[in-house]
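Dear colleague,

I am handing over the structure that you will find below, and after it I set out what was found there. Please keep it open beside the text as you read.

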Amino acid sequence: MVIVDPALRPSLSAAPAEEEGLDALTLGRRIREVRTSRRMTLDALAAAIDRAPSQVSMIENGKREPRLSMLRTIAGALGTTVDDLLKTDAPSERAALEIAVERAQRGPVFTALGLPHIRVGRGTSDETLQTLLSLHGEILRLHRERAATPEEARRANVELRATMRAKDNYFPELEAQAQRLLAAVGHTGGPVSHQVVADMATHLGYSLHYVGDLPNSTRSVTDKRNHRIYLPTEHSASRDSRSPILQAFATLLCEHEEPENYAEFLAQRVETNYLTAAILLPEKDTVKLLTEAKNLRRISMEDLRDAFAVSYETAAHRFTNLATARLDIPVHFMKVHESGTMIKAYENDSVRFPSDALGAVEGSTVCRNWTARTVFHVADRFSPWYQYTDTPSGTFWCTSRIEKAKEGDYSVSVGVPFTHVKWFRGRETNNRAVSRCPDESCCRRAPDELSERWSGQSWPAARTPTSLLAALPTGTFPGVDQTEVFQFLEGHAPAS
């Protein structure tokens, strides 16, 4: 059996550690400290290293990290050494304070609250900076307390999304794994049929068994002892019947062990879903189709869906995997419940998702003016919905569709910055909206006229989700009744 490169698993499951040693902010402050001690102006240093003053300013402000060759040039111009500039401690107590404030302003608390960036200058007193840091620390503490019950899941989600973003949501090890499995069963292109899936099961040494009593908390159950995969006889109309089989294959191919914590469980789920999509939409064929569509300036999620006979959500997910790494297109993906709640999200195009102080976006409420929300009010649900949205972080174009599930309707959206819309079909749309979120006046606060008329005169009975006060599902596989699974396997095991 071919297995995934073990180096991949730690990259997904391990929580990113706090940055240790030198960071761009400390390096920038140290360069500034040396420059000012030499009584050298910003323009003088820029001229000495043959760069624009704005570029030097970005380096000193920690917004750009210079390459080693540039660092040597800077050190030479300042009459110091690279080793001196690379010292990990702040050059002074004041610099340490400024670095801490800047780091706080770039963190999730300021982002979630929509606070403007405060420029720290020489005239900003130490007391002011200390006060800002104290307030930031207290807000962060309060948010952590409020998120105490689902804290492990939310933190794990934040860390996993950061890892995915750093890789542009593209994992070559899993791509190679999918290619090897497809080649092993002789798949030469086009949609992956059920027969091909059955051939994969035979190749892996497993048999498929459809049963009517699969545990309610599971989509499939794999019996590793007897090399059987159990699947439900009744298929959900909203789910591809090949997916649970391929997900079971993915777990085997990745050699997943029982997860030791929630972070590992989430990482395994990402690997499983990614590999499943990579099998259903093989990289070579998918990239070829998308590249041709890009050259013709008509990329479409619908065309991708139809070409490989998958769901719209699977096509949108797969496009998100390949968009940046293979097509050089920054992108964001959203799955939003009809209530406005964010279910899944990914971005590497600087779109600003709603989030809490921990940086978690899942469970947050999406702006009413975003495509992912306005699509619910469109009468024509057969055609794709396209929209431009002007936001504080730029203008984004999105394509969106509604999909049904037992939990209700969901919108699945893919979006790109305005400069990249030229590659997509639907760019000529006149649909446009403005979002000022997280400013409450955008959509979170009722218009003044309505507030004056109805404030204090209404009492809605909230439809409280049953999970609102529930603790995070426990167990090796969160939400799965292990006793029920073991009893099922015992009842279906072949006679000795």
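Helix α2 (residues 24-37) and helix α5 (residues 68-78) have axes that come within 10 Å and cross at roughly 20°, where helices are DSSP runs of H or I with at least four residues, numbered from the N terminus, and axes are lines fitted to C-alpha atoms over the stretch in contact, with angles from 0 to 180 degrees between N-to-C directions. α2 is therefore roughly parallel to α5, a term for angles under 35 degrees. Leu-27, Ile-31, Val-34 and Arg-35 of α2 meet Leu-71, Ile-74 and Leu-78 of α5, contact meaning heavy atoms within 4.5 Å. These contact residues comprise 6 nonpolar, no polar and 1 charged, with Leu, Ile and Val counted as nonpolar and Arg as charged.

This is a predicted model, in which local features need pLDDT of at least 70 and side-chain atom pairs count only at pLDDT 80 or more, whereas totals for chains, interfaces and linings use all residues. Residues are numbered from 1 along each chain as its sequence is written, and side-chain values use heavy atoms, leaving out hydrogens and water.

Gln-387 is buried, with a relative accessible area of 3% (buried means under 20%, with a 1.4 Å probe and protein chains only). A polar atom of its side chain lies 2.9 Å from the backbone oxygen of Asn-369, and among the other residues that Gln-387 touches are Trp-370, Phe-396 and Arg-432.

Terms used:
Buried means under 20% relative accessible area, exposed over 50%, partly exposed in between (1.4 Å probe, protein chains only). A polar contact is a pair of N or O atoms within 3.5 Å; within protein, one must be able to donate a hydrogen and the other to accept it, and residues adjacent in sequence count only if both atoms are side-chain atoms. Helices (H or I, at least four residues) and strands (E, at least two) are DSSP runs, numbered from the N terminus. Angles under 35 degrees count as roughly parallel, over 145 as roughly antiparallel, 65 to 115 as roughly perpendicular and the rest as oblique. Lists of a residue's contacts leave out its neighbours within four places in sequence.
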